[in-house]
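Morning, everyone. Let me take you through one model, and please hold questions until the end.

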Amino acid sequence: MVQKLLKPLLIMGGGAGLAAAPVVLSEYALGFMVSVMSYVTLATAWAMFSGPTRYISLATVAFYGTGAYTVAVLSETLPYPLVLLTALAIGVVLAAFVGMATLRLAGIYFVVFSFGLAELVRQLITWFEVNVTGTLGRYIFLPFETQHIYWQLLALAGFTIGLGAWIRRTRLGLAPKVIGDDEVVAAHSGIALARTKVMLFVVSAALMTLAGAIQSPRWVYIEPGIVFNPTVSFLTVIMALLGGAGRLWGPTLGVIPLMVLFEWLSANFPDHFSILLGALFILIVFLLPNGVLSALEGWMKSAKGQSNGKTIEEAQT
Amino acid sequence: MSALLSLSNVTKRFGGLLAVNSMTFDLQEGEVVGLLGPNGSGKTTLINLISGALPPTAGSVHVAGKEIAGLRADQIARSGIARTFQLVRILPSMTVLENVQVPAAFGAKSHWGGEIDRIARTCLEQVGIAHLARAMPGDLTYIDQKRLELARALAAEPKVLLLDEWLAGLNPTELQDGIALIRKLQSTGITILLVEHIMEAVRALCPRCVVMNAGALIADGTTEEVLADPNVIAAYLGDSHA
């Protein structure tokens with residue numbers, strides 16, 4: 001009973017604390033928090049689709065970059081809310097199209113395709129900008145300060161986690177788990193494979209597109225090479241995996257330590273950043289294949305001396 | 001009386017190979033029918049055609065008057081067909097109970113909430129593994145995994161149940177338990193088509209059998225008649241024994 005009350009209180013308190021953060025934080029720290037909120041959204045949205053289905057997607061930056069680019073193109077012609085809506089619509093259409101074309105691919109083929117998609121979108125936009133509009137780079141002048149972007153991203157991250165929690169209680173949450181385990185059993189149990197996968201992929205991609213759109217004014221100047229940087233896709237995957245892509249709060253827990261670490265690494269070892277990043281990826285995949293949360297659960301169980309740990313049902317949140 | 005499951009000229013071609021050749025037969029409601037035939041005669045392919053794992057090349061399949069040939073597996077499942085697999089397929093990351101909840105949630109009646117829990121527990125009780133509800137299926141013994149698969153098929157509340165060698169690989173004691181279990185299901189009035197090699201089980205469970213050889217129907221009748229049929233004996237043992 002106490003726990004039931006405690007959880008919403010904790011979430012509300014945490015949310016209020018985060019919303020008040022700009023009052024106390026320095027500009028530098030707030031910039032860091034903007035990145036944290038952006039990656040919480042990306043990793044949680046990524047895990048919505050890729051966590052249960054185990055379709056590892058490297059297309060995150062294709063949607064994130066599309067969102068940012070939409071703002072760059074439209075920010076001076078349309079009011080801001082309409083720009084966001086347009087970005088959202090473009091993300092949904094792109095994801096639905098890609099989803100229907102590719103979700104028949106499984107395993108490594110899907111990984112490779114999703115990586116190729118991000119490159120394809122980048123090259124198409126570059127080609128279009130060079131040959132049609134004649135300007136490769138674009139400026140974004142929106143009257144936002146860091147805290148405005150932070151609040152928007154905080155709201156989006158909160159919405160993403162809330163949506164994730166809600167989906168978990170619905171058939172749309174159960175179906176991808178079954179698909180991830182065995183597609184044949186899923187189909188023979190009455191699950192429409194293609195529709196389920198496309199729906200989740202679209203929801204996940206729409207959130208990623210919005211994250212890119214909201215964050216874009218931070219760059220001021222953008223070009224395809226900046227907003228379609230494949231490192232964003234890799235970081236999203238590794239953050240979600242570190243925390244545990246099967247849990248609602250897993251990705252969030254993966255984002256925070258990694259962001260701190262990246263910040264420290266890029267400040268202290270700017271020349272070796274990529275090498276250290278690669279080594280870290282390998283370590284995480286080897287040591288924590290199911291994420292920190294399940295590893296912690298395993299350690300706590302063995303500390304208690306319970307051997308029949310496998311029968312404990314996966315936590316809902 | 002119209003048939004519950006009706007196959008008419010169902011055919012499957014894999015390139016030059018005619019795996020299922022114009023199969024036609026009916027199942028009445030409440031019937032338990034054995035699908036027999038030597039290895040490679042097309043029994044599992046026929047089950048796959050009915051359940052939608054493969055689309056038939058030609059022919060039609062009706063369930064309670066509704067055409068299902070060529071529909072996707074999930075649409076066929078929602079039309080009231082459930083099956084087990086020749087090689088057991090469990091959902092390894094979910095508990096036994098969750099495994100059985102899946103078809104209750106996505107089947108014809110689309111239950112949700114407490115209802116899927118109730119149906120899943122009833123089905124686990126029916127097959128005798130209610131005490132394992134919270135276990136992980138990977139920790140179960142082989143027969144219990146087979147029971148789990150059967151419970152999962154039942155949780156769809158199917159009109160027709162397709163059992164693909166559900167009794168294969170059980171030891172003599174387990175076989176007796178398995179036969180008793182299917183007989184118990186039979187008394188609930190469910191319609192079953194079962195592929196089986198174990199004649200003891202076929203004689204105990206199926207008043208009627210359909211026999212396939214090289215993709216075609218060679219006999220359809222009461223089990224006694226069919227097993228005495230020279231064509232059937234020749235298919236299994238060769239012409240000199242007929």
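Start with a hairpin. Strand 9 (residues 208-213) and strand 10 (residues 216-222) of chain B run antiparallel, joined by six bridges. One pair to look at: Val210(B) has Asp220(B), in strand 10 of chain B, as its bridge partner. Two residues sit between the two strands. In that turn, Ala214(B) has a positive phi of about 50°. Keep in mind that this is a predicted model.

Now step back to the annotation. An unreviewed UniProt entry gives "domain: ABC transporter" for residues 5-239 of chain B. Over that stretch, the chain is 38% helix and 26% strand. The end C-alpha atoms of the stretch are 33 Å apart.

Domain 1 of chain B takes in 5-80 + 159-241, and domain 2 covers 90-155. Their centres, taken over C-alpha atoms, are separated by 24 Å. Where they touch, domain 1 of chain B contributes nine residues and domain 2 of chain B contributes eight. On the domain 1 side, helix 2 and helix 6 (172-186) of chain B are the elements giving two or more residues. That side has five nonpolar, two polar and two charged residues.

What about the other chain? In chain B, 25 residues are in contact with 19 residues of chain A. Helix 2 (73-78) and helix 3 (96-106) of chain B each supply at least two residues to the chain B side. By class, that side has 14 nonpolar, four polar and seven charged residues.

On to the cores. How many residues does the largest nonpolar core have? It has 81. Among the residues with the most contacts inside it are Val178(A), Leu35(B), Ala120(B) and Leu124(B). Helix 3 of chain B gives the most to this core, seven residues. Why does the core lie between domain 1 and domain 2 of chain B? Because both domains give residues to it.

Zoom in on Leu124(B). Beyond its neighbours within four places in sequence, Leu124(B) is in contact with Val96(B), Leu97(B), Val100(B), Ile129(B), Ala130(B), Ala133(B) and Ala151(B). Of these, Ala151(B) is also listed with the most contacts inside the core.

There is a second, separate core, of 69 residues. Leu42(A), Met48(A), Tyr69(A) and Val255(A) are included there.

That's the tour. Questions, please.

Technical notes. Residues are numbered from 1 along each chain as its sequence is written. Chains are lettered from A and ligands numbered from 1 in the order in which they are written. This is a predicted model: local features need pLDDT of at least 70, side-chain atom pairs count only at pLDDT 80 or more; totals for chains, interfaces and linings use all residues. UniProt positions are given in the numbering used here, feature names are shortened, and annotations may be inferred rather than shown by experiment. Helices (H or I, at least four residues) and strands (E, at least two) are DSSP runs, numbered from the N terminus. Two strands pair if DSSP finds at least two bridges between them. Two residues are in contact if their C-beta atoms, placed from the backbone, lie within 7 Å. Ala, Val, Leu, Ile, Met, Phe, Trp, Tyr, Cys and Pro count as nonpolar, Asp, Glu, Lys and Arg as charged, and the others, Gly among them, as polar. Domain bounds come from an automatic or database domain assignment. A nonpolar core is a set of buried Ala, Val, Leu, Ile, Met, Phe, Trp, Tyr and Cys residues joined through C-beta atoms within 7 Å. A residue is buried if 20 or more other C-beta atoms lie within 10 Å of its own, exposed if 12 or fewer, and partly exposed in between; C-beta atoms are placed from the backbone.
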